[in-house]
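Subject: Structure handover

Hello,

Here is the structure for your files. Please load it first, then read my notes below.

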Amino acid sequence: MLLLQPALAKQDDRNQPIHVVHADSMDGYNEPNSVSTFTGSVLITQGTMKLTGQVAKIFTAKEDTSVDHIIVTGTAQKRPHIEQIDDNGNLMTGDADQLYYDNVNSIAILTGHAVVHQQNKGDSSGAKLTYNTNTGYMAGESGNEGPVSMTFLPKQKPITPKNGAPAPAPVKPATKPAPHSPTTPAPASSAPTKG
């Protein structure tokens with residue numbers, strides 16, 4: 001098992017309702033300890049999180065109708081997909097042969113040719129990738145698909161003359177206009193002149 005860098009999700013997402021936004025068909029009911037199956041271009045959202053796939057099974061908790069976990073499967077042409085925006089506005093996306101989302105503990109498990117891309121951070125791949133969206137902990141496992149791999153992106157540097165970008169034009173301090181001086185001549189004396 002290999003520890004990978006965090007993929008911390010937007011913390012408010014887990015407090016949002018889960019919506020099945022789109023599916024071609026549905027089979028099931030909203031009862032405790034039940035399973036509802038959605039098929040055909042499924043789209044499920046929870047805050048900024050989106051899950052897509054061909055089939056999604058939503059499992060409710062034993063004691064109430066809250067969502068316990070979701071299993072999403074797909075086809076070779078349309079694999080299960082997850083995406084979410086973190087608190088810094090960075091997009092995380094993941095694709096695999098199967099996606100298991102534990103709604104109670106906010107853990108996503110991508111299994112089978114799993115790939116995760118984290119905007120401004122890097123990419124990871126492996127037979128199985130697991131991440132906890134509350135803590136940012138992420139782990140990967142290898143399998144018969146090959147080893148776990150990870151690409152770390154360098155920190156973005158500000159643009160400076162040293163790294164080849166033009167320097168910004170210097171800012172001139174604001175100057176106050178000179179006080180207005182009257183240009184009208186002083187009035188001539190009206191006293192008669194002696195001659």
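Of the 195 residues in the protein, 31% are buried (under 20% relative accessible area; exposed is over 50%, partly exposed in between; 1.4 Å probe, protein chains only).

Ground rules first. This is a predicted model, where local features need pLDDT of at least 70, side-chain atom pairs count only at pLDDT 80 or more, and totals for chains, interfaces and linings use all residues. Residues are numbered from 1 along each chain as its sequence is written, and side-chain values use heavy atoms, with hydrogens and water left out.

Overall fold. The protein has 13 strands and 0 helices (DSSP runs numbered from the N terminus: E, at least two residues, for strands; H or I, at least four, for helices). Take the contacts (heavy atoms within 4.5 Å) with a separation of 6 or more: 48% of them join residues 24 or more positions apart.

The largest pocket has a volume of about 190 Å³. A pocket here is an open set of points on a 1 Å grid over the protein atoms alone, where a 1.4 Å probe fits, with protein on both sides within 12 Å along at least five of seven lines; lining residues have an atom within 4 Å of a point. Points are joined across faces, edges and corners, and the volume is the space filled by probe spheres set on them. Among the lining residues are Ile-18, Tyr-29, Phe-38, Ile-58 and Val-67. Strand E4 (35-46) and strand E5 (49-60) are the elements that give two or more residues to this lining. By class, the lining holds 6 nonpolar, 6 polar and no charged residues (Ala, Val, Leu, Ile, Met, Phe, Trp, Tyr, Cys and Pro are nonpolar; Asp, Glu, Lys and Arg charged; the others, Gly among them, polar).

Two residues to check. Lys-78 sits in the loop between strand E6 (67-73) and strand E7 (81-85). Lys-78 counts as partly exposed because its relative accessibility is 35%. Beyond four places in sequence, Lys-78 contacts Ser-41, Gly-53 and Gln-54. The C-alpha atoms of Lys-78 and Gln-54 are 7.1 Å apart.

His-81 lies in strand E7. With a relative accessible area of 18%, His-81 is buried. Its side chain makes a polar contact with the side chain of Glu-83 (2.9 Å). That term means N or O atoms within 3.5 Å; within protein, one must be able to donate a hydrogen and the other to accept it, and residues adjacent in sequence count only if both atoms are side-chain atoms.

Best regards
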